[in-house]
Structures are given as structure tokens and as C-alpha cells.
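Let's walk through how two protein chains meet. Have a look at the picture first, then read on.

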Amino acid sequence: MASGIERPLDLLNSAKGKEILVQLKTGKQVVGTLLAFDIHINVVLDNAKEVENGEQTKNYGLTFLRGDTIIFISPSNVKE
Amino acid sequence: MASGIERPLDLLNSAKGKEILVQLKTGKQVVGTLLAFDIHINVVLDNAKEVENGEQTKNYGLTFLRGDTIIFISPSNVKE
Amino acid sequence: MASGIERPLDLLNSAKGKEILVQLKTGKQVVGTLLAFDIHINVVLDNAKEVENGEQTKNYGLTFLRGDTIIFISPSNVKE
Amino acid sequence: MASGIERPLDLLNSAKGKEILVQLKTGKQVVGTLLAFDIHINVVLDNAKEVENGEQTKNYGLTFLRGDTIIFISPSNVKE
Amino acid sequence: MASGIERPLDLLNSAKGKEILVQLKTGKQVVGTLLAFDIHINVVLDNAKEVENGEQTKNYGLTFLRGDTIIFISPSNVKE
Amino acid sequence: MASGIERPLDLLNSAKGKEILVQLKTGKQVVGTLLAFDIHINVVLDNAKEVENGEQTKNYGLTFLRGDTIIFISPSNVKE
Amino acid sequence: MASGIERPLDLLNSAKGKEILVQLKTGKQVVGTLLAFDIHINVVLDNAKEVENGEQTKNYGLTFLRGDTIIFISPSNVKE
């Protein structure tokens with residue numbers, strides 16, 4: 001498991017097309033399907049939904065997230 | 001759906017001329033028609049309106065938004 | 001309307017010599033005549049006035065504003 | 001002990017494949033197995049778990065952590 | 001008035017040797033005679049005085065101010 | 001005393017292998033033996049201990065500290 | 001007075017070997033003898049003392065101060 005990850009961005013590359021969980025510095029979380037990312041960790045999610053306390057509160061659809069607002073990204077655990 | 005997005009900025013490029021929702025780090029949201037953007041995610045909106053709790057509170061018209069104040073941009077869901 | 005804006009700085013260029021509204025990260029707003037700007041969005045305003053709750057509270061005259069303190073700049077709507 | 005560390009990143013290199021403790025600027029701690037890191041101190045952890053007051057509260061599995069949210073990383077002391 | 005200002009730093013250049021008002025991000029203001037500045041907007045003031053609520057509270061004399069702590073600089077209005 | 005310090009990093013270089021006190025922006029202090037540092041002021045400490053109000057509260061052992069979380073480093077005064 | 005200061009760093013250069021007052025973003029002040037500085041405004045002080053409300057509260061001796069935590073440096077007025 002977790003094989004083939006030499007550099008941090010390898011994880012994001014392998015998560016393309018899959019659901020990811022994004023923790024923002026604001027304290028909120030966003031889940032969605034990862035479509036694209038760049039070296040600034042800017043990401044584009046499809047079907048992006050804001051999550052608070054495990055509840056999906058808002059639906060933003062296709063969304064561009066600025067990398068400098070992100071704490072962590074977890075591809076493996078979008079439902080808790 | 002969401003085809004043709006290889007890099008994050010591709011989403012912004014495809015949103016030119018359309019209404020977008022911009023979430024600011026201040027907690028406020030701005031909606032408007034995307035006219036231009038650059039690699040710093042500076043954007044120019046036409047008919048920019050501030051939104052609080054789903055209400056449009058102020059009308060700024062043509063507006064330049066500095067990229068480092070932006071959390072996310074969503075082209076697909078300007079009305080909630 | 002809003003024609004000829006290919007890049008975000010085009011808006012600032014077209015606003016030279018005109019009144020603009022600058023929203024600062026501190027929560028305050030400044031209005032004044034745009035004399036100059038650079039790629040850091042540093043701007044020089046003539047006849048700069050601080051605005052709180054729609055009231056002009058202080059008059060700073062000719063003023064240099066550091067770009068990293070700016071949220072947005074709106075040339076089109078200096079009076080609300 | 002602690003031999004062979006000429007530059008700070010040498011410590012992270014020697015910790016690959018081992019459990020590390022990551023202190024975030026948010027005040028939270030994350031523990032997990034270090035899989036990869038880069039010069040921005042972006043890290044990928046396997047089996048990442050959030051820790052509050054010594055209790056493991058959430059399990060994020062494979063996780064990308066942005067370097068600019070990190071205060072310190074300690075490979076030697078994941079249990080207190 | 002305000003002629004000859006092509007770029008923002010032109011204003012600072014024309015203010016050398018004159019009194020300026022510096023608004024800091026901390027909320028405090030400093031007045032003093034501008035002796036030098038650089039592209040980071042680091043400035044050196046002679047006879048620098050801290051101002052709170054229009055009162056000069058402390059006298060720091062010759063002072064180096066780091067550019068990233070500055071909101072705005074106004075050469076024209078040191079007394080309110 | 002304090003001879004041979006031409007540039008700030010000279011002090012860190014001369015402190016290698018010695019105990020240092022690190023003041024973090026979070027308000028906490030860490031003491032430990034300096035093993036390595038780089039130009040970002042990232043440091044690696046051996047036997048790192050968190051200090052609050054003069055009390056050593058936690059022991060992190062070998063630790064990587066990110067430079068941008070540091071206010072000051074004092075090699076000469078680890079006990080107060 | 002204040003002659004020979006063409007660029008901001010000239011002031012720091014002329015203050016080498018003299019006592020300076022450093023205002024930190026944390027609100028605290030540090031006084032000490034300036035031994036070295038660099039373009040990031042990292043400084044090394046000898047005999048560094050923390051000052052709160054005009055009282056010297058802690059003595060850190062030889063100290064490295066990170067430039068990005070500094071608001072201003074005043075060589076001329078270490079006692080108030």
C-alpha cells in the first residue's frame with residue numbers, strides 16, 4: 001500500500017479522478033473529485049461540497065481552490 | 001462533465017464571460033462576471049456584488065480582486 | 001461595457017486619473033484619484049480619503065498604498 | 001546518536017518509512033508514517049491520525065500536508 | 001499638483017527629506033523625515049515619532065521601518 | 001566576546017553542537033542541541049524540550065523546526 | 001545629522017557595534033548591541049534584553065533575531 005510515492009505531489013497525481021478531502025485553514029473541509037492541481041497546490045474539484053461537523057452544508061459544484069488556504073489533502077478518507 | 005481541465009487555471013479560462021462566485025478570506029463572498037485573471041489569481045469581475053448570508057448587500061460594478069485574498073472560485077453555482 | 005480588459009492590470013490602467021475605491025484588509029476603505037500602480041498592486045492615490053460606514057473620516061492627500069494590504073479596487077463605484 | 005545530520009532535511013530523509021509527529025500551526029498534531037517530503041516541507045504521511053491532548057481523534061489514512069502549516073516534525077517521539 | 005508620478009515609488013522619491021506619515025499594520029502611526037527607502041518599502045525616518053489618536057507618544061529618533069509592516073505612506077498630511 | 005560574527009548565520013554556525021533556546025511565534029520556547037540549520041533558519045535540534053514559564057513540559061527528542069515559525073534563537077542562555 | 005544614509009540598510013551598517021532598540025511584531029521590544037545583519041533584516045544582538053513597559057525583563061545574551069518578526073529598529077534611542 002502507498003507504493004510509488006517518491007515526492008509529495010505523486011499522491012495528488014494518483015488521486016486524480018477520485019474523491020478527496022481538503023482541510024482549509026479557515027477550519028472548514030471540502031470534499032470533491034480531484035480534476036487538476038499545480039505546484040502551488042491550487043486544485044480544481046468537481047462536485048465540491050463544504051463539510052462542517054461531518055455534514056455536507058453547501059454544494060459548490062466545479063470549484064477552484066487556492067493552494068495557500070489548504071492545510072492537508074486526504075484522498076483516502078472522504079467519509080468519516 | 002468537467003472535461004478538458006488539465007491544469008487549475010483551465011477552469012478559470014473556461015469561466016471567462018460567465019458568472020462566478022468568489023469566496024474571500026475575510027469571510028465575504030463576491031459574485032460577478034469574470035473578465036480577466038492572471039497566474040496570481042488576481043481577477044477582474046464585472047457587475048461585482050458582495051454577498052452575505054445569501055443576500056447581495058453591495059454593488060461594486062467593475063472590480064479588481066487581489067488573488068491572495070481568495071479562498072475559492074466557483075463558476076458553476078452563483079445562486080444558492 | 002468593460003471592453004478591452006485582457007489582463008487584470010488592464011482595469012487599473014484604464015482607471016488612471018479617475019476616482020477609485022480601495023478596500024483594505026484592515027476593514028477600512030480609501031477613495032482617491034489613481035495616479036500610479038505597479039505589478040505588486042502598490043498604488044498612489046491623490047486626494048486620498050478614509051471611509052468608514054460610508055462617511056469620509058480622514059483626509060490623507062497624496063498617498064502611497066502598499067499592495068499587500070489591498071483586497072479589491074473598484075474604479076466604478078466610489079460613492080455608495 | 002543523531003549522527004550524519006549535516007542539513008535539516010537530512011533528518012526528514014532518515015525518517016522516511018518511520019512514524020513521525022507533526023505539529024501544525026492550528027495547534028493540532030498529526031502522526032503517521034513519512035512517505036515523502038520536498039524542500040517546501042510538504043509531506044505525505046501514511047496512516048495519518050489527528051492527535052488532541054494525546055488522544056487520536058481522527059484517522060485520515062494517506063494524507064498530503066502542506067509545508068507552510070507545519071511548526072515542527074519529530075521522528076523520535078510519536079507517543080507521549 | 002501630483003505631477004510627475006509615473007510609478008508608485010516616484011512619490012516616495014519626491015518625499016525624500018520631507019515629513020511623512022506612515023500607517024503601520026499594528027494600527028499605530030509614525031511620523032518623521034524620510035531619509036531613504038528601497039523596493040521592499042523599507043524606510044529610514046529621522047526624528048521618528050509614534051502617534052496614537054493624534055498625540056505623539058514616543059520619540060524614536062533615527063529609525064529603520066520594515067516595509068512589510070506598512071499599510072500606507074502619506075507625505076502630504078503629517079498633522080491632522 | 002562575540003567575536004568573529006560577520007553575518008547573522010555565523011552565530012548559528014558557532015552554536016552547532018551546543019544548547020540553544022528557540023522562541024516560537026506561538027509563544028512557546030524550545031531548548032535543545034543544535035545539529036543543523038539552513039538559510040531558511042530551519043533547524044534540527046537533538047533532545048528538544050518544550051518550555052513554558054521556565055518549566056520543561058514536553059520532550060520531543062530529535063526535532064525539525066520550520067524556520068518561519070521562529071522569532072529568535074539564543075545560544076547563550078538556555079536556563080533562566 | 002543623519003548624513004550618509006542613501007539606502008535603508010546604511011542605517012543598520014552605521015549602527016554596528018552600537019546599542020539598538022528592536023520592536024517585534026509580538027509587541028515586545030529587545031535592546032542589545034548590533035553585531036551583524038543581512039538583507040532579510042535578520043540581526044544578531046549581543047547582550048540582548050527583552051523590554052516590557054520600559055522594564056528589562058529577560059536577558060538572552062547573544063541572540064539571533066529573525067527579520068520577518070521585526071517592525072522597526074532604532075539605533076538612537078535605547079532608553080526611554
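What follows is a tour of the interface between the two chains.

A word on ground rules: this is a predicted model, where local features need pLDDT of at least 70, side-chain atom pairs count only at pLDDT 80 or more, and totals for chains, interfaces and linings use all residues. Residues are numbered from 1 along each chain as its sequence is written, chains are lettered from A and ligands numbered from 1 in the order in which they are written, and side-chain values use heavy atoms, leaving out hydrogens and water.

Now for the charges. The rule finds one salt bridge across the interface, meaning a side-chain nitrogen of Lys or Arg within 4 Å of a carboxyl oxygen of Asp or Glu. Lys25(B) and Asp68(A) make a salt bridge, their closest N and O atoms 3.0 Å apart.

Strand β4(A) pairs with β5 (residues 70-74) of chain B, antiparallel, over two bridges; strands are DSSP runs of E, at least two residues, numbered from the N terminus, and pairing takes at least two DSSP bridges. Within β5(B), Phe72(B) is the bridge partner of Leu65(A).

Conventions. Helix = DSSP H or I, 4+ residues; strand = E, 2+ residues; numbered from the N terminus.
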